[in-house]
Amino acid sequence: MVLELDQYSDGKAARLWNLYIGDQSERTRHYKQFLKRELNAHSCDTVLDVACGTGIDSVMLIEEGFSVTSCDFSDKMLKCAWNTRWSRRKEPAFDNWDIYEANWLTLTSDLDRDRQYDAVICLGNSFAHLPDLTGNQDSHRLALRNFATMVKPGGILLIDHRNYDYILDNGRAPSKNIYYNSQYVSDINTSVVYQDGSPSKVILDYVMRDPTASTDSTLWLDNQPPPAPHRTAISANQKDNEFTLTYYPHRVASFRALLEEAFDHRATVTTLGDFQPLEHVQDPAFYIHVVHKSEDSQQPNGDHPEEAWSSVSSSEE
């Protein structure tokens, strides 16, 4: 199951990821204020980034003064985060940055199962990478239950996903993107896979091109060519500049129900569209859920959710 779970295992998407994200400072500007507002509003200091990837969001939060622990399932993506920590190791905050390779389905054993955090974040449509391994979303329930276990009473979970309602209803993703602003993205082709009449998978084929290869400067951001280090990541072989990722198409209503279940209905779930109240945005690109765990929440049944999973499922990595 490793190849299905780690869609970055061939290294291609990991190599192109920073190009897909685009200018990091511009990307940060789009949602740093949202993250800081939510974390500060709930008096968060410790943050667990369960989908850190190359570490971009974790670095942003460390620079803002938060104590961050990061993990990801893909060692190819984590190499970038580990390199960043090493290059900035003389800064105390980065020297203390803990980075782990971890699986959401075994999260509480991969990390310190007794440690909890003021906030757990899973952003950038990361959760949708987890497939439905059993056909009844038990893998999704387990992962969310593990996230809930890692949140302190009174803490929050920030988690998002693309607007799959729009994708399933229209056959394509909304054109806007609140996270990424890359000029290297030439096209994103959308496919929906149905199983027994129900959508089971959304496939996005990403096509990257170097806009400086064109003499048309209108293809450049602000009429300026991309920086040279980014240009060198584009291969002369176009096939090397294309990658495919698959996602489980969570509809917003059913995903909210999964979140409420994961927290034993002892949490408040607020859903935003592109960081705004839903009534203020039409056809958002992303739904962001802010789950505030009750102050008096206790770990359900006194045991760990993945132990219950192991007794009912034979799925392995």
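Predicted model: local features only at pLDDT ≥ 70, side-chain atom pairs only at ≥ 80, totals over all residues.
Guide: Residues are numbered from 1 along each chain as its sequence is written, and side-chain values use heavy atoms, with hydrogens and water left out.

Visitor: Is His 250 buried or exposed?

Guide: His 250 counts as buried because its relative accessibility is 2%. Buried means under 20% relative accessible area, exposed over 50%, and partly exposed in between (1.4 Å probe, protein chains only).

Visitor: What is His 250 in contact with?

Guide: Apart from neighbours within four places in sequence, its contacts (heavy atoms within 4.5 Å) include Phe 127, His 140, His 161 and Asp 165.

Visitor: New topic: how many residues has the largest nonpolar core?

Guide: That core has 31 residues. A nonpolar core is a set of buried Ala, Val, Leu, Ile, Met, Phe, Trp, Tyr and Cys residues joined through side-chain atoms within 4.5 Å.

Visitor: Which helix gives the most to this core?

Guide: H8 does, with 6 residues.

Visitor: How many residues of H8 are buried?

Guide: Of its 13 residues, 11 are buried, among them His 140, Leu 144 and Phe 147.

Visitor: Which residues does Phe 147 contact?

Guide: Beyond its neighbours within four places in sequence, Phe 147 touches residues including Val 50, Trp 104 and Ile 159.

Terms used. Helix = DSSP H or I, 4+ residues; strand = E, 2+ residues; numbered from the N terminus.
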